[in-house]
Amino acid sequence: MTQKRRPAPLLPPEAGRDLPLLAVCAILVFLACLAVIGAAGTWRASDAWTSQLDSEITLQVIAADGTDSEEAAEEAGRLAGGLPGVISVEVRSRAASEALLRPWLGGASLPDDFPVPRLVTLNVDPENPPLASAIETLFADAAYRVIVDDNRLWAAALSRASATVRWFAIGLAALVCAAAAAVIAFAARAALSMRRDVAEALHLVGAPDRFIVGLFQERFFLLGLKAGAAGSLLALGSAFALGEIGGTAGAIFFLPSLLPGWGAIVILPLAAFASGLVAAISARLAIVTALHKRWS
Amino acid sequence: MDQTHADTGLDLDPDAPAIRFDTVGMRYGRGPEVLSDVSFELARGSFQFLTGPSGAGKTSLLRLIYLAERPSRGLISLFGQDTSIMGRDDLPALRRRIGVVFQDFRLLSHLSVFDNVALPLRVAGQRVAGYREDIVELLNWVGLGHQVDALPATLSGGEQQRAAIARAVVSRPEILIADEPTGNVDPDMARRLLRLFVELNRLGTTVLIASHDISLIRSMKVPVLELADGRLITKTRTA
């Protein structure tokens, strides 16, 4: 016989049986990737929030009855600008203040004599900011009231909250990975049970454990790789879609953006490989244990 | 055929008998002993039959030889190596020196006849180009030349048995164990298969065949081990 002959796979193709497992693994990888993207988004948002809060102090200027709020705001801005640690000052217009009140007072124009507090934003040196007490002292004798909103007072709380969300997302990703590993280990044991005839025949013709383990390991690595590729690509697509759709709502409610950064795009294909690796390792451990239990 | 045995890496005694049982007992789980105080030796290159009524323990004895089971008591040596002190990792190398024809054939249903027969060589790390011709030649010899690519399910019982025999002998093992190897074939094919075993034996393989077939055993004029109720009642009687 001269025809070329390729050895058939020693483990029979199990396309019908592998499909549900592939789907479960792909879904788990999808969830893990979304959790990681969520964690990365929270991380970025937290950094942005805290850096902004650290470098800004807001003054609410409330003019006395019958006085010009415009003049009061301008004067407050000028005085505050002279304090050490203040880099620049931005006096917000009355329209800007009204826009902030609109969700509570409705869209109708406010009467001109309505006492709308005016806002003055101080951009400060985060390393050497002016103390809130120093600002309050500066305006102690002013003809208008100044309330200092020191954003840094709640920046720490915000930072702690975002760190909690971050660790929660990372924990969620780890849990999903562990669930995927457990599912693969279970499936590997089931596969060994189904193909006990193969394992036994191989044993009896002198195949060492590593040969048999290698067959199952290779099969589950490829399964994990396929599931990982499908799950991570789906997660990437979903993250882009959610980021685009939820962008506006996220901006209003200060939610972290799910739009993946370049880092996530590079890391996600690696998720497929990691999925294959997790599948191979958990299958290997399951098969080695089962072989030792079954054949002494 | 041009197959070589993989180096076992074991310290085997070249002068020791191929198989030695010393007061071996065996039970499955907590059940009764299926083999009791079995002691015998098979010299290297010997040809021997194993006979006895159904349930006498023939298959259990063969399972002990091809290391599918461990004895409950007693000692078993293969090539002078005490199998009770061998580690799990040493067993595959020893198994590769033993060819087995199972009573229920144990062919893998998803592999063709060719791939089933090639299994021991594949496990030993040989490449298909190195054994393709040998396997086709062997399959022609056992009358399966026209069934090279057939799946076991499409073969008759006799054809499956011949494929199982081809798999057992393909790596030219040092010990060949066969459990009722001619039970499903016609007398002509039985004689042909026995000639294959005899030929292997002439080349140095130790052959042990378990059979009920008294006429077959008598035709061979070789020593017989006879089991009854798990005990060896005749060791080297020539039928």
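Within strand β3(A), Leu119(A) is the bridge partner of Gln60(A). The model described here is predicted.

**Strand pairing in chain A**

- Strand β3(A) also pairs with strand β2 of chain A, which spans residues 86–91.
- The pairing of β2(A) with β3(A) is antiparallel and comprises five bridges.
- One of the positions in this pairing is Val89(A), whose bridge partner in β3(A) is Leu122(A).
- Strand β3 of chain A covers residues 118–124, and six of its seven residues are buried, so the strand is largely enclosed by the rest of the structure.
- In general, the strands of a sheet are held in pairs by backbone hydrogen bonds, in either a parallel or an antiparallel sense.

**Chain A as a whole**

- Chain A contains nine helices and four strands.
- In sequence order, the elements of chain A follow the pattern α-β-α-β-α-β-α-β-α-α-α-α-α.
- Chain A has 296 residues, of which 40% are buried.
- Among contacts in chain A with a separation of 6 or more, 83% join residues 24 or more positions apart.

**Cysteines**

- Cys25(A) counts as buried because its relative accessibility is 3%, under the 20% limit.
- Cys33(A), at 5% relative accessibility, likewise counts as buried.
- Over all chains, the number of disulfides is zero.

**The open sheet of chain B**

- Four strands of chain B form an open sheet in the order β2-β1-β4-β5, with antiparallel pairing.
- Strands β2 and β5 (81–82) of chain B stand at the edges with a single partner strand each, so one side of each has no neighbour in the sheet.
- Strand β1 of chain B, residues 19–27, is joined to β2(B) by six bridges, and the two run antiparallel.
- Ile19(B) stands opposite Leu42(B), which belongs to β2(B).
- Ser39(B) is located in strand β2 of chain B, which covers residues 33–42.
- Ser39(B) has a relative accessibility of 18% and therefore counts as buried, the limit being under 20%.
- A polar atom of the Ser39(B) side chain lies 2.6 Å from the backbone nitrogen of Thr23(B).

**The largest nonpolar core**

- The largest nonpolar core has 45 residues, and those touching the most other members are Phe49(B), Ile135(B), Leu139(B) and Phe197(B).
- Several elements of chain B each supply at least two residues of this core, including the strands β3 (47–51), β7 (175–179) and β8 (206–210).
- Helices that each supply at least two residues include α3 (113–123), α4 (128–141) and α5 (157–169) of chain B.
- Helix α6(B) contributes the most to this core, with seven residues.
- Beyond its neighbours within four places in sequence, Phe197(B) is in contact with Phe47(B), Ile165(B), Val169(B), Leu176(B), Ala178(B), Pro181(B), Val207(B) and Ile209(B).
- In soluble globular proteins, nonpolar side chains tend to be buried together.

How values were computed: Residues numbered from 1 in each chain as written. Chains lettered and ligands numbered in written order. Predicted model: local features only at pLDDT ≥ 70, side-chain atom pairs only at ≥ 80, totals over all residues. Heavy atoms only, no water. Buried < 20%, exposed > 50% of the residue type's maximum accessible area, 1.4 Å probe, protein only. Polar contact = N/O pair within 3.5 Å; in protein donor to acceptor, adjacent residues only side chain to side chain. Contact = heavy atoms within 4.5 Å. Core = buried A, V, L, I, M, F, W, Y, C linked by side-chain atoms within 4.5 Å. Disulfide = S-S within 2.5 Å. Pairing = 2+ DSSP bridges.
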